[in-house]
Amino acid sequence: MKRHPLYTVFYPLILMILLSGCTGRGKPAGEIKDNSNNRESVIDVEVVKVKLQKIIPRISSFGNISFKSKTDISSAVNGIVRHIYADIGDRVTPGMLLASIENIQLGIEEQRAQAEIRSAEAALSLADAQLAKGKLQVKARLLNLEKKKLQINQKKAELKELEKIIRNKEELLKVDGITREKLRELKLQYQSGIAGYKMLLKDYQIESIGLTDKDIEDASGHLSGESNLLSEGTKENLIISLNTLTLQAQIKVAEARLETAKTKLSSVKTLLDELAVKSDFNGIVGARYVEEGERIKEGTRLFTTFNSSTVYAVFPLQENKAGFLSRGQRVTITIPALGNKIFYGKVYIISPTIDSESGNINVKALITNTSEKMLPGMFVKVSVVTGKPLLRLMLPIVSIVKKQAGKAQIFTVVNKRAFLKEITVGPEEREQIEAAEGLKEGEIVITRPPPILREGMLVRYDKPGKES
């Protein structure tokens, strides 16, 4: 066979360059002679035999740790910051002292409130004593009224007896058994007795005001003339209550005054408690806004604390994957900063809006931060299982020569030669990628193809022991 004159010049040179550049994996491992004495290089490669695998459908994404909640701790009083016990990054627990504030005026207010309580207690004691005295006075009036009643009955009996005497004397006067002067004196005595009797009746009426059954009925209303059915003890209690209403009202006023004083003291004590600024929950101090010695006003923000007992893993998803998620779905979170430690959480919030620029939705998964080692801003890998296992053809990602827009190029081996093949790829799964179209089970695919590998080259490989 006649060769081109340049062939004998450049062929040895090209062959030397290829042999000198092939070191390590993929270097020419030998030569093959054809019948024309042409020598062809053989490339050592690694391969896998493609077969179906059970793949669990899942969505993967990347995100960051974010605290579920934060609290701004503000001052409830005016004062001076005397001591600060916690700083940015410090862990806090419920009831932990963060700072102390000094307010002299509150101490004075506490003393005033205590003095008002003592005064109100004294006023209440006095009102109680006056009520007790008033009840005794009513009882005395009732006894005096009984006495008046007896006097009236006595006077009435005396008048009746005097009437009899006068009638008898009038009979004696007819027979000259008594002088007219003596009879006139008896009649004058009778008239005086009548006047005294009427005066006793008036006194009885005056002193019985507020002490009669009618007064009880008027005050009670619902008795409607049935006061005569009440026992004497019940009547007496009703009368005493009716005649000490003012004193009872004074007790209520004194009690209200005491309650007001106690409420004021309680308010002052609450404000005094606020002088000790404390944490409400387990968390981390995220910010501090004041310094020791600084004068502050009511409402001044002192600290921002983050609740660290539960945190969010916040991650984006393409809008076409949002339908695979639902609230409460289990999420696997891997945190590289913690040695790729795996945590588990649940989908808690799925954003109802889509970012117009990226086309993503934001998802928040709630995680219990038992160790409290998860900190805001930590990078996380997120995986969510979305269905039951499926059979899929899978390839090592390192088999891909080129990938773009759902298409990829790989090298397959046919008759010990490498051939480029374009396939359609699906989602990636743990350093593997799905060969959705263009590849059949049992085909041999080159992994980590050497840079010098070209289509049609002879390749040599061990029998595939590790299958994809």
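User: In which sense do strand 19 and strand 23 pair, and over how many bridges?

Analyst: Strands of a sheet pair through backbone hydrogen bonds, in either a parallel or an antiparallel arrangement. Here, strand 19 (residues 390–396) and strand 23 (residues 432–437) pair in the antiparallel sense over 3 bridges. Within this pairing, Met394 stands opposite Glu434 in strand 23. Strands are DSSP runs (E, at least two residues) numbered from the N terminus, and two of them pair if DSSP finds at least two bridges between them.

User: What should I know about the origin of the model and its numbering?

Analyst: The model is predicted: local features need pLDDT of at least 70, side-chain atom pairs count only at pLDDT 80 or more, and totals for chains, interfaces and linings use all residues. Residues are numbered from 1 along each chain as its sequence is written, and side-chain values use heavy atoms, with hydrogens and water left out.

User: Which residue in the turn of the hairpin of strand 22 and strand 23 has a positive phi?

Analyst: That residue is Arg430, with a positive phi of about 50°, in a hairpin with 2 residues between the strands. Strand 22 and strand 23 are antiparallel and joined by 4 bridges; Thr424 stands opposite Glu437 of strand 23.

User: How many bridges join strand 21 to strand 22?

Analyst: There are 8 bridges between strand 21 and strand 22 (residues 417–429), which run antiparallel. Thr412 stands opposite Phe419 in strand 22. This hairpin too has 2 residues between its strands, and Asn415 in the turn has a positive phi of about 55°. Strand 21 (residues 407–414) also pairs with strand 20 (residues 402–404), in the antiparallel sense over 3 bridges.

User: Is Arg301 buried, partly exposed or exposed?

Analyst: Buried means under 20% relative accessible area, exposed over 50%, and partly exposed in between (1.4 Å probe, protein chains only). Arg301 is partly exposed, at 39%, and lies in strand 13 (residues 301–307). Beyond its neighbours within four places in sequence, Arg301 is in contact (heavy atoms within 4.5 Å) with residues including Asp72 and Tyr289.
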